[in-house]
Amino acid sequence: MQKVKIISALLLFLSFAAKSQSVIPLQSGKLTSIRGLSVVDDHIAWLSGSKGTVAFTLDGGKSWSWQQIKGYEKSDFRDIEAFSDKEAIIMSSGSPAYILKTTDGGITWAKKFEQADTTYFLDAMDFKDPAHGFVLGDPINGKFLLLKTDNGGETWSPAQNSPDAYKNEAAFAASGTCIRTTKSNIVIVSGGAKSRLISSNDGGNNWHYTELPLTDGTPSRGAFSVALDDKPKVVVGGNYAKDKIKDSVAVLLNKKNKLLFPSIGPDGFQSSVEHIKANVYLSTGTSGTNISTDGGNTWKKIDDKSYNVCRKAKNGKLVLLAGDRGSVGLFKF
């Protein structure tokens, strides 16, 4: 009888836990595709998207202030890095390639980088601290484009040593999370001709290359996002052209840095993955949103809605998701 009570209590707890992990829609209906998302704390977050669109919230996503930046109405701002309610940097994919910065909450935007050369296609951006950041772009002449700033995005210059690239290998400008940085690491994931984990532990002076077991070989397949817990831990991706395919969507690195497929993977293509806490990871994509509570070994789908990106607060617990048609969601856990 005691065993029955314990099992019943456990099942009730697991059922409650599953229900408590959900995505709550906050807003949708804007004619913009959001791929850039930066969550500063439990109150402040910024979005960036197509048609020159940027938005920010001061109340944890309950309400948003939207704008279309004058002169950049055709730009697709695929990534954003925010530092406060006043300061943020946005990056556009396509041609011309732009990097803009605001220090007054979006009232004005200053152009910090412009490149009309059509070989420049910017994919993602990340900062290890407010002064030092990188922008990753598709390869040019066998090298990934890597721009660097040491002054908070005021100026940008090519990194002295950027990673090597195979022919038709590229990064995906899907969620701003194909490059991640920490104080000691720069980590990049790629797809297309090759799906690889590319990392440096000395600020980009030397690069290490690891082929990922994710299916590659076509422009729509490979690794789209990596989540770090100091070191790379979970990589997600798949085939965005066939987003319901469930195999070859995620890999994890165990304590011995061995690459493994999950026992139960995410339910379809995923364009973004985020470390939430301890062994908890959240991933999302056009096929829906999934959660893992065991370090990426098993995943459970918690929402069917399409999102492009999920991000956790740099300082706090707020986790937001964003996607097409201005969709914004709140991850509740």
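**View 1. Ala97, a buried residue in strand S8**. Ala97 counts as buried because its relative accessibility is 0%, where buried means under 20% relative accessible area, exposed over 50% and partly exposed in between, computed with a 1.4 Å probe on protein chains only. The residue is found in strand S8, which spans residues 97-102; helices (H or I, at least four residues) and strands (E, at least two) are DSSP runs, numbered from the N terminus. Leaving aside residues up to four places away in sequence, Ala97 touches Ser92, Phe113, Glu114, Gln115, Tyr120 and Leu122, a contact being heavy atoms within 4.5 Å. Thr53 lies 44 residues from Ala97 along the chain, and the C-alpha atoms of the two are separated by 15 Å.

The model shown in these views is predicted, so local features need pLDDT of at least 70 and side-chain atom pairs count only at pLDDT 80 or more, while totals for chains, interfaces and linings use all residues. Residues are numbered from 1 along each chain as its sequence is written, and side-chain values use heavy atoms, with hydrogens and water left out.

**View 2. The salt bridge between Lys101 and Glu87**. The side chains of Lys101 and Glu87 meet at 3.3 Å, N to O, in a salt bridge, that is, a side-chain nitrogen of Lys or Arg within 4 Å of a carboxyl oxygen of Asp or Glu. This pair links distant parts of the chain, 14 residues apart, with Lys101 in strand S8 and Glu87 in the loop between strand S6 (76-82) and strand S7 (88-93). Lys101 is buried, at a relative accessible area of 7%, whereas Glu87 counts as partly exposed at 24% relative accessibility.

**View 3. The salt bridge between Lys143 and Asp164**. Here the two side chains meet at 2.8 Å, N to O. Lys143 lies in strand S12 (residues 143-149) and Asp164 in the loop between strand S13 (157-158) and strand S14 (169-170), so the pair ties together parts that are 21 residues apart in sequence. Lys143 counts as partly exposed at 31% relative accessibility, and Asp164 counts as partly exposed at 37%.

**View 4. The salt bridge between Glu169 and Arg196**. The side chains of Glu169 and Arg196 meet at 2.8 Å, N to O. Glu169 belongs to strand S14 and Arg196 to strand S18 (residues 196-200), and the pair links these distant parts of the chain, 27 residues apart. Both Glu169 and Arg196 are buried.

**View 5. A network of salt bridges**.
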